[in-house]
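Visitor: I would like to learn how to read a protein model. Could you take me through some of its features, one at a time?

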Amino acid sequence: MDFIDLHCDTITEAMHHSVDLTEPHLNIHLPVAKEIERHCQCFAVYCPDTVRGEDAFNYYTMAKHYFQRELAKFPQLLEQIHTAADIDRITAEGKTGAVLTVEGGAVLNGKTENLRVLKNDGVKMITLTWNGENELGCGSSNQTKGLSPFGFDAVKEMERLGMIIDVSHLSDAGLDDVLKTVSGPVAASHSNLRSVCGYRRNLTDEQFCEIARRGGIVGVNFYRYFLNNDGEHATVHDIARHIEHMLELGGENAVAMGSDFDGCDGVDGVRDINDIPALYETLCAEGIPKSVLKKIFWQNARDFFERMI
């Protein structure tokens, strides 16, 4: 099987613990299970809500250097993706294709010129906010507060530069602002459906449908509290419930995976990258056709990157 994951926090987790990406206690650790024939992983530089201003940009820079160190240390296992064509070449060589992303637009330090810096570093996607408010706008902690004036400027510049706008964590008002401001596709790299699990961080059906209509992508999040209203009892079957409803909404070409590995408390049976083949088999047993699962686990995200990077 093949697997593209739109979001993990493994780089910052590894950095904070001063370990390599081969550390088996990480949810994403290399090399991956042999059952995963092709693996493409989005590695997010996660910026906490407690870090702002110049400190946030410096934090990004430190994490970027850690990412680059890992690339240099394990060239036989890992290579950075710069173009869509790199995905096929790198994964065909048996290496993990690494897409550098950012979670938390605070790393821009309120300066649109820093978008060019990130683009030159190979950053392909930026999650605009985490849960709180930053210079771009507000996360889901306040659903009625949207983008700031700088946020409007930033998303326009991101679209001009060809950087993917990621609306996971963004407030409802902020997501509306993004959709009114840009004309092209957007991503929700690690978001589920509010109609299946009522947590505010999940997307409404209407939001999901609009992202899909635009040719965007939505990665299913494995965090137990985004899967089931009783998160303590969430299971892998709840992952299936979200996927099935996304498919009912017409999202067959828009559903992907956004594990949130190394950034969330997942469910039994899907604790790390090597559980992904078992997840695939469970979803087969739930009745999702293999032709659709191929899209969800690989092709939809691969096609999205073809359009966007």
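This is a predicted model: local features need pLDDT of at least 70, side-chain atom pairs count only at pLDDT 80 or more; totals for chains, interfaces and linings use all residues.

Visitor: Where should I start with two helices that touch?

Guide: Two packed helices are described by the angle between their axes and the distance between the axes. Here, take helix 3 (residues 84–92) and helix 11 (residues 290–308): their axes come within 7 Å and cross at roughly 135°. Helix 3 and helix 11 are therefore oblique to each other.

Visitor: Which residues of helix 3 and helix 11 make the contact?

Guide: From helix 3 they are A84, I87, D88 and T91, and from helix 11 they are W298, R302, F305 and E306. Sorted by class, the residues of this contact of helix 3 with helix 11 are four nonpolar, one polar and three charged.

Visitor: R302 is on that list. Is R302 buried or exposed?

Guide: R302 has 8% relative accessibility, so it counts as buried; the cut-off for buried is under 20%. Setting aside residues up to four places away in sequence, R302 touches I4, A84, I87 and D88.

Visitor: At what angle do helix 10 and helix 11 pack?

Guide: Helix 10 (residues 276–285) and helix 11 pack at about 145°, and their axes are 10 Å apart. The crossing of helix 10 past helix 11 is right-handed. On the helix 10 side, I276, L279, Y280, L283 and C284 take part, and they meet K290, L293 and F297 of helix 11. This contact of helix 10 with helix 11 has seven nonpolar residues, no polar ones and one charged.

Visitor: Now the strands. Which strands pair with strand 2?

Guide: Strand 1 (residues 2–5) and strand 2 pair in the parallel sense over four bridges. One of the positions to look at is I4, whose bridge partner in strand 2 is C40. Strand 2 also pairs with strand 4 in the parallel sense, over eight bridges. There, H39 stands opposite T96 of strand 4.

Visitor: How many residues of strand 2 are buried?

Guide: Eight of its nine residues are buried, so strand 2 is largely enclosed by the rest of the structure.

Visitor: What surrounds V220?

Guide: V220 has 0% relative accessibility and so counts as buried. Not counting residues up to four places away in sequence, V220 touches S191, N192, I239, I243, M246, V255, A256, M257, G258 and S259. Distance along the chain can also be set beside distance in space: V220 and S189 are 31 residues apart in sequence, with their C-alpha atoms 7.7 Å apart.

Visitor: Where does R201 lie, and is R201 buried or exposed?

Guide: R201 lies in the loop between strand 7 and helix 7 (205–213). With 4% relative accessibility, R201 counts as buried. Leaving aside neighbours within four places in sequence, R201 is in contact with N131, S140, S168, H169, H190, S191, N221 and F226. The C-alpha atoms of R201 and Q143 are separated by 9.5 Å, although these residues are 58 places apart along the chain.

Visitor: What should I look for in the backbone itself?

Guide: Most residues other than glycine have a negative phi, and most peptide bonds are trans. In this model, S18 has a positive phi, near 55°. S18 is found in the loop between helix 1 and strand 2, and its 62% relative accessibility makes it exposed. N109 also has a phi near 55°. N109 sits in the loop between strand 4 (96–103) and helix 4 (113–120), but at 15% relative accessibility N109 counts as buried.

Visitor: Which peptide bond is cis?

Guide: The bond from L30 to P31 is cis, with omega near -5°. P31 belongs to the loop between helix 1 (10–17) and strand 2 (38–46).

Definitions and conventions
Residues are numbered from 1 along each chain as its sequence is written. Side-chain values use heavy atoms; hydrogens and water are left out. Axes are lines fitted to C-alpha atoms, for helices over the stretch in contact, and angles run from 0 to 180 degrees between N-to-C directions. Helices (H or I, at least four residues) and strands (E, at least two) are DSSP runs, numbered from the N terminus. Angles under 35 degrees count as roughly parallel, over 145 as roughly antiparallel, 65 to 115 as roughly perpendicular and the rest as oblique. Contact means heavy atoms within 4.5 Å. Ala, Val, Leu, Ile, Met, Phe, Trp, Tyr, Cys and Pro count as nonpolar, Asp, Glu, Lys and Arg as charged, and the others, Gly among them, as polar. Buried means under 20% relative accessible area, exposed over 50%, partly exposed in between (1.4 Å probe, protein chains only). A crossing is left-handed if the near helix is turned anticlockwise from the far one by less than a right angle, and right-handed if clockwise. Two strands pair if DSSP finds at least two bridges between them.
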